Amino acid sequence: MKKILLVIAALLLSCGLYAQNTEINRLLVHSGTNTEGFILNNVDSLTFATVEGEVAANIELISYNLETLTIAVTRTPSCASYKIALEPTVKVASMSDEYLATYIDEQENYVYNQDFTNAEMTGIEILPSTEYTILTVGIDVYGVLCDVKKVEFTSPAEPILGNPEVATEIVELSQFGFTIKFTPNEDVSKYCVVAGAKGEMQSQYEMFAPMFGFSNFGQMIEMWGVPFTAEGSFEWEDLAPGTVYEVYIQAWDKDGKMVPYQVFELTTEPLGGEGTAEVTITLGEYKLADWGEEMLPSQFITFSPNDQVSAYRFGVYLAEEYDSENESIKQELCSEPPMPMANWFFYEEVTTDYQINPNTECVAIAAAKNINGEWGPITEVRFTTPADMPSKSASKTIKERKLSKNNSKGIVPVKNQLRLTSK
């Protein structure tokens with residue numbers, strides 16, 4: 001370590017001598033993603049120091065309710081001071097300790113330089129039945145943000161008036177949707193319902209909570225859900241066949257208090273068979289089409305799954321791009337989405353168009369899986385667009401239509417499919 005520091009010192013010294021005869025006039029210190037700059041002429045010295053051991057403020061949660069927290073905080077020997085914060089766990093769960101140190105520093109102004117054995121944390125808002133994290137960042141004698149410590153807990157539930165509950169009944173069930181009837185009992189003042197594929201709602205909650213300020217799952221159900229105050233039904237459409245869905249029901253008691261949410265599980269009717277799943281690709285017209293700001297040459301293509309297909313994917317590429325990245329493109333085609341994502345799979349016949357320049361060689365591909373999740377053969381159609389179509393202002397890459405699906409009330413939005421294409 002000493003050798004490394006000597007090398008750094010020598011480099012800094014040489015930079016200082018070099019700067020006298022060049023245009024270098026800034027000293028930049030990099031730490032992770034952060035960069036701090038100094039005017040070189042204003043830097044009179046560079047020194048190094050050693051801080052022994054961990055610099056942290058350890059937390060012990062003694063007791064808590066919806067108004068206050070009682071904690072103990074003990075600094076390590078090298079911890080001169082610290083800052084402390086309280087945040088909903090979902091808001092900070094994905095942050096690295098390095099980022100959390102800066103986050104706590106920016107959120108909190110007060111610096112503590114003493115230990116506590118029985119301190120009350122007041123001036124905070126604690127929602128019932130919500131996961132929280134208490135965080136500290138230790139600060140050394142040089143004012144450097146150091147180690148982060150965390151303690152998680154779930155706040156207690158509020159006393160509920162009566163026994164609020166919403167009964168569910170399947171009215172209609174198909175391959176691409178379902179209709180549910182909801183019947184609240186007399187202890188329910190209002191309720192909201194939202195649906196998603198099993199397991200996806202939690203990942204969407206973690207994704208959207210920091211963005212929209214959700215502290216608990218019920219707040220997301222309230223924002224994206226369909227509201228009711230009495231018995232009612234709701235139809236979900238444009239769903240995936242043969243998929244387990246969860247319907248989340250968030251109710252409130254007669255005093256307007258949020259009660260623990262309910263989950264109703266069901267499976268859409270299956271699509272496809274156990275045989276070979278294949279997709280037929282048919283080229284359509286090549287003509288000028290409306291692409292928003294102007295009319296551009298478009299190649300229409302139809303993708304037709306056979307009766308064994310449960311889900312399929314497709315894409316269109318420039319021939320030179322496809323030929324150079326053939327294996328990776330095929331591997332990506334026959335894959336599952338890395339996260340909940342719109343338009344990753346299709347289920348019925350699709351006709352769409354792609355903006356492609358005249359006299360351009362392209363490849364259209366498609367692949368499908370059967371009801372057992374087994375992928376069939378990749379269909380590949382190589383074609384060249386006609387040469388006699390006007391191409392003024394046409395894109396030099398293939399432009400594809402945004403195929404939209406229903407993301408109305410009652411469904412938590414999902415990300416559009418991300419695809420990188422070569423230029």
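This is a predicted model: local features need pLDDT of at least 70, side-chain atom pairs count only at pLDDT 80 or more; totals for chains, interfaces and linings use all residues.
**Cysteines and the largest pocket**

The sulfur of cysteine 79 lies 7.8 Å from the closest cysteine sulfur, which belongs to cysteine 146, and this is too far for a bond. A disulfide would need the two sulfur atoms to be within 2.5 Å, and by this rule the count comes to zero disulfides.

- Cysteine 146 is in no disulfide, since the nearest cysteine sulfur, that of cysteine 79, is 7.8 Å away.
- Cysteine 79 has a relative accessibility of 4%, and it counts as buried because the limit for that class is under 20%.
- Cysteine 146, with a relative accessible area of 24%, is partly exposed.

**The largest pocket**

- The volume of the largest pocket is about 920 Å³, and among the 24 residues that line this pocket, Val29, Ser31, Glu36, Phe38 and Val144 are the closest to its centre.
- Three elements, namely β1 (26-31), β2 (34-39) and α3 (97-107), each supply at least two residues of the lining of the largest pocket.
- Of the elements that contribute to this lining, β1 gives the most, with five residues.
- When the lining of the largest pocket is sorted by class, it has 14 nonpolar residues, seven polar residues and three charged residues.

Conventions: Residues are numbered from 1 along each chain as its sequence is written. Side-chain values use heavy atoms; hydrogens and water are left out. On a 1 Å grid over the protein atoms alone, a cavity is a set of points where a 1.4 Å probe fits but cannot get out, and a pocket is an open set with protein on both sides within 12 Å along at least five of seven lines; lining residues have an atom within 4 Å of a point. Grid points are joined across faces, edges and corners, and a volume is the space filled by probe spheres set on the points. Helices (H or I, at least four residues) and strands (E, at least two) are DSSP runs, numbered from the N terminus. Ala, Val, Leu, Ile, Met, Phe, Trp, Tyr, Cys and Pro count as nonpolar, Asp, Glu, Lys and Arg as charged, and the others, Gly among them, as polar. Buried means under 20% relative accessible area, exposed over 50%, partly exposed in between (1.4 Å probe, protein chains only).
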